[in-house]
Structure formats: structure tokens, C-alpha cells
Amino acid sequence: MRRRDFIAAGAAALAAPWAGASPPGSDLPKGPVKILVGWAPGGGTDVFARIVGQKLSEVWGRPVVVENKPGATGSLAAEYFARTRFTEGINLLMAHVNTHAISPQIFRSITYDPLKDYAPITLIGATPHILVTSSRNSHGSVQEVVELCRKSPGKISFGSSGTGSVQHLAAEMFNMAAGVKSIHVPYKGSGPMQTDLIGGQIDFSFDTMTAATAQVRAGKMHGIAQTRVNRAKGFPAMPTMDEQGFKGFDASSWYGVEDGGGSVDKFAAFMAAEYKKWGDVVRAAKVTEES
């Protein structure tokens, strides 16, 4: 059976942990169950994969192994998955907004087609981002950040976890919507970026809510706005970019294999919409792998 058919055949069973409807199936292919993750252990994507893997193991009554293949903001694993002909077991990939909506439109080395080389199964989660700064700063609204950028064009810096990351693209989206110019400072992850942000070496970041929450609640970083249209339950008092004048501003890190679940068609349509949205940002902002 071809890989795309194989993954599609497992769609109903994979949806079962959330629906709570199906008992362990005897009609599933024999062999190991693996979930491939394009990031190192301990990160948000890895954590999501292990939660899904544990639930699948309970439902299917078989071990589920999470295999990490980090590199190139997840694209190394996505490329491997698209080009490998699996001969046994059930093989799943933790897709990500970077691997399936952003990176293929920036990096020339990527050869897979995120919309044609995979069979989508379900969206398991979407994490908002937060516009954050050091708690040493007094900026309390998005408009204050806009005014700061206008007073010092090309001098205010936004850190990210790497070129082509959602943090990077969210900052570019902000620049275009506000009509300002800022400096992009890429890092090799949110950890080192946060260190410099807290220390004042950079000014702002659209960090993921997952990575930023601990520092915001500890008072080391100040959260100015969140980046989904509706407020996340974890930060009910923090306004959204949309509420602060950036109508329709919506940026999140999502995961597939608060908006999870749903049908295969729903996830496929979501992926296609995200691919178009971020592609428009990449082209309008002229983002390249050298950015």
C-alpha cells in the first residue's frame, strides 16, 4: 500500500482518542507505531507528540514510539518522511506551521510539497504567540510599540527562534500592518532569544505562548498582546492584536498529525489556508533564507 493511502487509512483511528468512540482496532496494520518529530526532545512539538502517542497507545493497545529527527526548523524530518517508503507498521509525522506553511516557501533546499506529499489526518493544537518585551520596559500597548518604531526607524529589534519561524514572520506581518521598519535578530531557539530579551540586548519578540508563559508569569518579561483573534484561556486579561487595532492579525504555531480535532477535510483546508497566508507574508515582506 502506498504511504499516502496508508496514512489516510489510519485517519479514523487517529481521531478516536478525542472522540472516545472506537476500541482498539484489529484491522490496523501490524508492526511498530512511530511518530516522527522534527525537533529535539523537550520542545513544544515533542511534548504534543508524546501526549498523542500515549493516548494512541491506550486506545490501540500497542506501544507508540516518538522518534526525534531535529534540524532545519523541522524540515529535515518532513523531507525524510516524504521521501521514505515505509514497509511496515504505522508511521506518522507531527506536521508544524514551519514545515508545512512557511519553510517550503523560503528555503531553496526543500523539495517536498507540503500540500501534495502528505495525507492530513487532524489538527491537534494551535498555540498563540505573545508580543513580549523585557519587564524593564514600560511599553503597555501595541500602539506604544508602533510609535517607538516610528521614532527610531530601522533601530528597534525583534528577536525570533530563527529565520522563517513564526516569530520572524509575525514581526514582518506587524511591520507591514503598522507601516514601520524594524530589525530581525534570529536565534537558534526561544531560550537564547529570551535571555537577550530579558537582558535588554533586543527589544521585542512574538514568542510562542508555550515558551513565554513562565517568563511572563515570573515577571521577567512583559506580555503586551496575544496573536490570535480570540483571547486564550491561559491569558484572559491580555488583549489580542486584533483588539488593539490590528484587525484580523492571526499568528499561531500549530501541530498536526484550544482548535484541535475535526475532520481530515477540515485540517487539509486549514493547512492550505495557512500555506497561502504565510506565503503572502513571505512574498510581501521579501523574506529569504538570508533574511
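K286 sits in the segment that follows helix α10. This residue is exposed, with a relative accessible area of 67%; exposed here means over 50% relative accessible area, partly exposed in between and buried under 20% (1.4 Å probe, protein chains only). Its phi is near 55°, a positive value in a residue other than glycine.

A word on what you are looking at: this is a predicted model, in which local features need pLDDT of at least 70 and side-chain atom pairs count only at pLDDT 80 or more, while totals for chains, interfaces and linings use all residues. Residues are numbered from 1 along each chain as its sequence is written, and side-chain values use heavy atoms, with hydrogens and water left out.

The predictor's confidence in each residue, pLDDT, runs from 0 to 100. The chain averages 84, and 88% of the residues score at least 70. Over residues 1-24, however, pLDDT stays under 50. Where pLDDT is low, the predicted coordinates should not be read in detail.

Now to the helices, which are DSSP runs (H or I, at least four residues) numbered from the N terminus. Two packed helices are described by the angle between their axes and the distance between the axes. Axes are lines fitted to C-alpha atoms over the stretch in contact, and angles run from 0 to 180 degrees between N-to-C directions.

| Helix pair | Angle | Axis distance |
|---|---|---|
| α7 (residues 166-178) and α10 (residues 264-284) | about 65° | 10 Å |
| α8 (residues 190-199) and α9 (residues 209-217) | roughly 35° | within 11 Å |

α7 and α10 are therefore roughly perpendicular to each other, a term for angles of 65 to 115 degrees. In α7, V166, L169, A170, E172, M173 and M176 meet W278, V281, V282 and A284 of α10, contact meaning heavy atoms within 4.5 Å. By class, this contact has nine nonpolar, no polar and one charged residues. Nonpolar covers Ala, Val, Leu, Ile, Met, Phe, Trp, Tyr, Cys and Pro, charged covers Asp, Glu, Lys and Arg, and the others, Gly among them, are polar.

In the other pair, S190, Q194 and I198 of α8 meet A211, A212 and Q215 of α9. That contact divides into three nonpolar, three polar and no charged residues.

Finally, look for Q54 in helix α3 (residues 44-60). Q54 is exposed, with a relative accessible area of 53%. Q54 and V65 are 11 residues apart in sequence, and their C-alpha atoms are 9.1 Å apart in space.

Terms used
Helices (H or I, at least four residues) and strands (E, at least two) are DSSP runs, numbered from the N terminus. Angles under 35 degrees count as roughly parallel, over 145 as roughly antiparallel, 65 to 115 as roughly perpendicular and the rest as oblique.
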